[in-house]
Amino acid sequence: MQKIGVFVCHCGTNIAATVDVKKVVELVRYEPGVVFADDYMYMCSEAGQEKIIEAIKEYGLTGLVICSCSPRMHEKTFRACAEKAGLNPYMVEVANIREQCSWIHKDKEEATKKAVILARAAIAKVNLNAPLKEGESPVTKRALVIGGGIAGIQTALDIADAGYEVDIVEKEPSIGGRMSQFDKTFPTLDCASCILTPKMVEVNQHPNITLYTYSEVEKVSGYVGNFDVDIRKKARSIIFDKCTGCGECMTKCPLGKIGNIPSEFDRGLKNRPAIYMPFAQAVPAVPVIDRENCTYFKTGKCGVCSKLCPSKAIDYEQQDEIVTVKYGAIVVATGFDIINLDKFGEYAYNESPDVITSIELERLMNAAGPTGGHLERMSDHKQPKDIVFIQCVGSRCDSEEKGKPYCSKVCCMYTAKHAMLIKDHWPDTNITVFYIDVRTPGKNFDEFYRRAVEQYHVNYIKGQVGKVKPQPDGSLLVQAADLLDGKQINMKADMVVLAAAIEPNPGVRKIATMLTASIDNNNFLTEAHAKLRPVESPTAGIFLSGMAQGPKDIPETVSQAGAAAVKVIGLLAKDSLKTNPCTAQCDTLLCNGCSTCANVCPYGAITYDDVQVMDHGLRETRRVAQVNNALCQGCGACTSACPSGAMDLQGFSNRQITTEVDAICR
Amino acid sequence: MTQLEKNIEAIKEMSGSDPYKCMRCGKCTASCPAYSEMDIKPHQFASYIIRGDFEELIESKAAWKCLSCFACIERCPRDVQPGKLVDATRQIVARSRGGDYLQPEEVPGLLAEDLPQQLLVSAFRRYRR
């Protein structure tokens, strides 16, 4: 028989205002197993905990029931307190009489009744509790970063600088991500590649960093500290060690001139050869052959690159290669893209080449871009005189099939940047920005936007654009609203730039599924706690960096990347991790090997084994389930699925739960 | 610099106020005691000028309904002081009629039927300092 102590907390007035705490103490005192019951103002305080320790010693308590807040808040506190007094921490149960009782009820009498019932259930359970011991699992001191944009680069560098090995997996042929496509960065207007390329080079040369470019994560298994990851290294068709990056192959590829293969990097504003590097400063400076478009792969003829390559680095026979690597932690830094604009016919994006997105404008303004940095219309290559910017294209849009409900956060700033850069180069340009709100929180951000208005005389108009109509003379008629003056505006423009909504990289869904990391309705990865654990996924060992978690600008991305790195370092610094002892166990005498549990287990923790059993004097071999306690997360899916009742969860056994229900229904 | 920007520059010089600084918070309009009489509201003066709709300002009733109480000038958080833009509008009209400025002693002799009283009040208040 257990000797149980019950401790009822007032939580100031949080509980005591709605629950008659003294009455609860009196009513639970005579429950089976209870030898001591008391109340206190703040059970979690130093003095409250001291009270518990004293009672354990004085009454020789073997089990504790704390009637207080949610176990999520203070279960850890009370378990540690029990351990201090020599009691097994798993002999402590928390009855949640705050979140699930006092906070949600108004009637004191009813709430008190419910608090007593909740306490009774916990007491009934503790009567059946048994001491449990945490296991240990080792930590592989290597991290994986998925995505090689600025977020992934910064995370990898910070982890590597702390002395741990890091691998970056990037699906494109080069690292650099979106930032490498940008021209200048706000609010300082320094050139994006000037600040990014040194970091890319550093990643490439860092002794602790291994780069897997043109590669994808194929399979993930394992758990925090011990992930096994299959990485598919797609065939580059180039022998990596032989290639010097001279670029001869790319300039001579016949498809460069006649191929009409749109360059992904230049957002389709320029064509590229079939053998290509996305951009000049690519890291690694080794091209890839795009096998879908390459004439040799399509017809077996051509082979120009192979013939011309001075270092004989072309290998048409190369195969995809799969490497399996062990990691202790995984960081998701898969970044973003902009939404498809097909649903926004009113802006004529698909009708006119002079209606472009902001990323396309970045390429058009970039000295290394398709026009050599000269801003021109894609239709007639003339320099635009009147430019209209439209904000919130698909952002803050409640219609799910058209846009996104959230604010994309960076558009207000980059539009101000674009407007100023254009005015700086070509002061005669008229620039009009149609906005719903101008949102510029951030250090030196509002000043930046005001500079566009006050110094560069960019015309900001509160109101949206209803329609963009391409005109026979090649111009665009913009029909918009000026809400502050209550007018409809019809104006001509030479170019319209759309601030299209940002969305997480479409590939993130697949990756999140492999990692069992949760994502929200918009495919952004969810944090373990929106405020207090912003760079961790609820799945242990998975960390978040950059736009994959939500829209953010470069400075924010870099700070988050550093924060994720610190969390990874904190994990890798440990030699072993404590494992949760509340895992499933299989009673091999009851198991009939039906595989139901293995089919429902989300963690792949159940395997089957043939065991010899004596059944009524007969020796026979049976196929029975076995649980890997390191993989099991204690979700309990197998225990409810098992048809023969062989599966049971330690600390939450079927018997404990039915006893709790009995106590509630008594 | 575009032609429009040049015109605005001239108004800036004339009024001592920079319409580009306006953030459209509406504090001027919120403060205006002549609100109901103003066909173009005080906050709109900045946006009309930025847009180049000078004619509409010149033709407006608002330019002469403004009491020159200067509440907007006192309270503007961005130092745009729309009252000064109203003043500049009046000045443009006055100049277009051949005048420029008045000596106080000339005033009584010139008090004609068609001279807007507000222009005088405003001029006195403005040059008092």
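Two strands are said to pair if DSSP finds at least two bridges between them. Helices (H or I, at least four residues) and strands (E, at least two) are themselves DSSP runs, numbered from the N terminus. The structure described here is a predicted model, in which local features need pLDDT of at least 70 and side-chain atom pairs count only at pLDDT 80 or more, while totals for chains, interfaces and linings use all residues. Residues are numbered from 1 along each chain as its sequence is written, and chains are lettered from A and ligands numbered from 1 in the order in which they are written.

Strand β20 (residues 430-435) of chain A pairs with β21(A) in the parallel sense, over 4 bridges. Within this pairing, A:F434 stands opposite A:I461 in β21(A). Both strands belong to an open sheet of 5 strands with parallel pairing, in the order β18-β25-β19-β20-β21 (chain A). The edges are taken by β18 (355-357) and β21 (459-462) of chain A; each has a single partner strand, so one side of each is left without a neighbour in the sheet. From one strand to the next, the twist averages 25°. Helix α13 (residues 411-425) of chain A packs on the sheet, where it touches β19 (386-393), β20 and β25 (495-500) of chain A. The direction of α13 makes about 170° with that of β19(A); axes are lines fitted to C-alpha atoms, for helices over the stretch in contact, and angles run from 0 to 180 degrees between N-to-C directions.

An antiparallel pair is found elsewhere in chain A: 7 bridges join strand β23 (residues 476-482) to strand β24 (residues 487-493). A:L476 stands opposite A:A493 in β24(A). The two strands form a hairpin with 4 residues between them, and A:G486 in the turn has a positive phi of about 60°.

Chain A as a whole has 19 helices and 32 strands. Its C-alpha atoms fill a box of roughly 90 × 70 × 40 Å, taken along the principal axes. Of the 666 residues in chain A, 44% are buried, that is, 20 or more other C-beta atoms, placed from the backbone, lie within 10 Å of the residue's own.

Chain A also meets chain B, and the contact takes 10 residues from each of the two chains; residues are in contact if their C-beta atoms, placed from the backbone, lie within 7 Å. On the side of chain B, helix α3 (residues 42-51) gives the largest share, 3 residues.

Key: A residue is buried if 20 or more other C-beta atoms lie within 10 Å of its own, exposed if 12 or fewer, and partly exposed in between; C-beta atoms are placed from the backbone.
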